[in-house]
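Q: I have a new structure to get through and would like to go over it piece by piece. Can we start once it is on the screen?
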Amino acid sequence: NQANEAQKKALGAKQMGNIKLALLYMKRRQMFLKEIENCSGSMLNLDSGLNSIQRARNDAEVLKTYELMNSSMKAIRQDSDLEKVDDIMIELEENREDLDYLHKSIYESNGGSFSDKELEEELAQLMDHDDGGDAYPECTNDSNAITSPIVKEVKGEKEEAELEEELAQ
């Protein structure tokens, strides 16, 4: 750069014994360094101004977003009657209870309501008669096979339905 060249020329002039020329080159060097410092300060001010502009734009966008959120919340709140919230929640709970009752009724009518005791008895019966043969004896056609309480209940419901059908005819 020019400041370094002026320094080299000042050293060369001093070595040749020309002090006035060496001082002139040193003044040039100082002038170039001061100009670099001024330019650097200007660049710093410009960068700072640019960052301020970007921050102001971002702040304006954030403010617009807050305004949009506020107006959206007001619109939502106007569309809903806060006094109806309790009524809606009670109605939802009642509908859920009705659906639970319906589900329970359907589940139990399909033979889904077996007690743990019945299941434990069936498991014990299967383990007592485990001879390494059929793992599911209630599924065989063998009349001597073990029949679980669950299978008995389902068979009983089926026979009862067939009997009612015959009586209806």
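Q: Where does Ile88 lie?
A: Ile88 lies in helix α3. Keep in mind that this is a predicted model.

Q: Which residues form the nonpolar patch on the surface?
A: Val85, Ile88, Met89 and Leu92 form that patch. Together they have about 370 Å² of accessible area.

Q: Let me step back. How many helices and strands does the protein have?
A: There are five helices and zero strands. Along the sequence the pattern reads α-α-α-α-α.

Q: What share of the residues is buried?
A: Buried residues account for 9% of the 169 residues in the protein.

Q: Pick Glu97. Which helix is it found in?
A: Glu97 is found in helix α3, which covers residues 84–109.

Q: Why does Glu97 count as partly exposed?
A: Because its relative accessible area is 46%, and the partly exposed class lies between the 20% limit for buried and the 50% limit for exposed.

Q: How many salt bridges does the structure hold?
A: Three. One of them is between the side chains of Glu93 and Arg96, at 2.5 Å from N to O.

Q: How are Glu93 and Arg96 placed in the helix?
A: They are three residues apart in helix α3, so about one helical turn separates them.

Q: How accessible is Glu93?
A: Glu93 has 33% relative accessibility and counts as partly exposed. Arg96 is also given as partly exposed, with 41%.

Q: What else does Arg96 meet in a salt bridge?
A: The side chain of Asp100, at 3.2 Å from N to O. Arg96 and Asp100 both lie in helix α3, four residues apart, which is about one turn of the helix. Asp100 has a relative accessible area of 42%, so it is partly exposed. Salt bridges that share partners join Glu93, Arg96 and Asp100 into one network.

Q: Which side chain does Lys64 meet in a salt bridge?
A: That of Glu61, at 4.0 Å from N to O. Lys64 and Glu61 are three residues apart in helix α2, residues 19–79, so they are separated by about one helical turn.

Q: Is Lys64 buried or exposed?
A: Lys64 counts as exposed, because its relative accessibility is 51% and the cut-off for exposed is over 50%. Glu61 is partly exposed, with a relative accessible area of 47%.

Q: New topic: where is the place of Arg29?
A: Arg29 has its place in helix α2.

Q: Which side chain of opposite charge is nearest to Arg29, and how far away is it?
A: The nearest is Glu37, 11 Å away. Arg29 is buried yet has no salt bridge; the salt-bridge limit is 4 Å from a side-chain nitrogen to a carboxyl oxygen.

Q: What does Arg29 touch, then?
A: Leaving out residues up to four places away in sequence, Arg29 touches Ala3, Ala6 and Gln7.

Q: One last residue. Where does Met26 lie?
A: Met26 lies in helix α2. Met26 counts as partly exposed, because its relative accessibility is 33%.

Q: How far is the C-alpha atom of Met26 from that of Lys9?
A: The two C-alpha atoms are separated by 8.7 Å. Along the chain, Met26 and Lys9 are 17 residues apart.

Terms used. Residues numbered from 1 in each chain as written. Predicted model: local features only at pLDDT ≥ 70, side-chain atom pairs only at ≥ 80, totals over all residues. Heavy atoms only, no water. Helix = DSSP H or I, 4+ residues; strand = E, 2+ residues; numbered from the N terminus. Buried < 20%, exposed > 50% of the residue type's maximum accessible area, 1.4 Å probe, protein only. Patch = residues over 30% accessible without salt bridge, like charges linked within 9 Å, V, L, I, M, F, W, Y side chains within 5 Å. Areas by Shrake-Rupley, 256 points an atom, 1.4 Å probe, with all protein chains shown as cover. Lys, Arg positive; Asp, Glu negative; His and termini not counted. Contact = heavy atoms within 4.5 Å.
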